[in-house]
Amino acid sequence: QVQLVESGGGSAQAGGSLTLSCAASGYTYGSYGSYCMGWFRQAAGKEREGVATVNSNGTPRYADSVKGRFTVSKDNAKNTLYLQMNSLKPDDTAMYYCAVTKKLWPYCLSAEYDYWGQGTQVTVSS
């Protein structure tokens, strides 16, 4: 069974940094061809939104709200997805989830994701 486990969440001050990791098991990145891997978040009282995604070629996509501050990357050898978050803002406070597709999608931010982690909490104080 495919499992995704997020880690690296916690508390940070505004302007600080955190790095999230998503370790996959029962699944090898790249095994589905031009797959998508992504980070999503859901803040209290808000809908879940796409934060950053990367395809099998390493092309990243970012939500406008995090452009210039967040960087998504992957390490296929470790079956791990990362999200480097810099210049954190209180509005970044949310539960962050990683997800992976098993199908080919032309735009990863709009893809249908098949496997999801349980999330890791990020809290940013002012």
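Colleague: I started at Gly117, so tell me, does Gly117 count as buried or exposed?

Modeller: Gly117 counts as buried, with a relative accessibility of 10%, and please keep in mind throughout that this is a predicted model. As for its place in the chain, Gly117 belongs to the loop between S10 and S11.

Colleague: What is Gly117 in contact with, leaving aside its neighbours within four places in sequence?

Modeller: With those neighbours set aside, Gly117 is in contact with Leu4, Glu6, Tyr97 and Cys98. For one of these, Leu4, there is also a distance to give: the C-alpha atoms of Gly117 and Leu4 are separated by 4.5 Å, although the two residues are 113 residues apart along the chain.

Colleague: Let me step back, then. How many helices and strands does the protein chain have?

Modeller: The protein chain has zero helices and eleven strands, and reading along the sequence gives the pattern β-β-β-β-β-β-β-β-β-β-β. The radius of gyration is 14 Å, close to the 14 Å from the globule rule for 126 residues, so the protein chain is as compact as a globular protein of that length.

Colleague: What box do the C-alpha atoms fill?

Modeller: Taken along the principal axes, the C-alpha atoms of the protein chain fill a box of roughly 40 × 25 × 25 Å. Of the 126 residues, 42% count as buried, while the accessible surface comes to about 6400 Å², with 44% of it belonging to carbon and sulfur atoms. If you look at contacts between residues at least 6 apart in sequence, 58% of them join residues at least 24 apart.

Colleague: Which residues have the most contacts inside the largest nonpolar core?

Modeller: Those are Trp39, Leu83, Met85 and Tyr96, in a core that has 30 residues. The elements that give two or more residues to this core are S3, S4, S5, S7, S8, S9 and S11. There is also a second, separate core of six residues, and among them are Phe40, Cys108, Ala111 and Tyr113. As background, nonpolar side chains tend to be buried together in soluble globular proteins.

Colleague: You mentioned Phe40 and Tyr113. How do their rings pair up?

Modeller: The count of aromatic pairs comes to three. Phe40 and Tyr113 form one that is edge-to-face, with 5.0 Å from centre to centre and 75° between the planes. This pair links distant parts of the chain, since Phe40 is in strand S4 and Tyr113 is in the loop between strand S9 and strand S10, 73 residues apart. Both residues are buried, and for Phe40 the relative accessibility is 7%.

Colleague: And why is the pair of Phe40 and Trp116 called tilted?

Modeller: Their ring centres are 4.9 Å apart and their planes stand at 50°, so the pair is tilted; an angle under 30 degrees would count as stacked and one over 60 as edge-to-face. Phe40 lies in strand S4 and Trp116 in strand S10, so this pair ties together parts that are 76 residues apart in sequence. Taken together, ring pairs link Phe40, Tyr113 and Trp116 into a cluster.

Colleague: Is Trp116 buried or partly exposed?

Modeller: Trp116 is partly exposed, with a relative accessible area of 29%.

Colleague: Last one, Ser25: which strand is it found in?

Modeller: Ser25 is found in strand S3, where it is partly exposed with a relative accessible area of 33%. Apart from its neighbours within four places in sequence, Ser25 is in contact with Gln1, Val2 and Gln3. The C-alpha atoms of Ser25 and Trp105, by comparison, are separated by 22 Å, and these two residues are 80 residues apart along the chain.

Notes. Residues are numbered from 1 along each chain as its sequence is written. This is a predicted model: local features need pLDDT of at least 70, side-chain atom pairs count only at pLDDT 80 or more; totals for chains, interfaces and linings use all residues. Side-chain values use heavy atoms; hydrogens and water are left out. Rings of Phe, Tyr and Trp (its six-membered ring) pair if their centres lie within 6.5 Å; planes under 30 degrees apart count as stacked, over 60 as edge-to-face and the rest as tilted. Helices (H or I, at least four residues) and strands (E, at least two) are DSSP runs, numbered from the N terminus. Buried means under 20% relative accessible area, exposed over 50%, partly exposed in between (1.4 Å probe, protein chains only). A nonpolar core is a set of buried Ala, Val, Leu, Ile, Met, Phe, Trp, Tyr and Cys residues joined through side-chain atoms within 4.5 Å. The radius of gyration is taken over C-alpha atoms; the globule rule is 2.2 Å times the number of residues to the power 0.38. Contact means heavy atoms within 4.5 Å. Accessible areas come from the Shrake-Rupley method with a 1.4 Å probe; for residues, only the protein chains shown count as cover.
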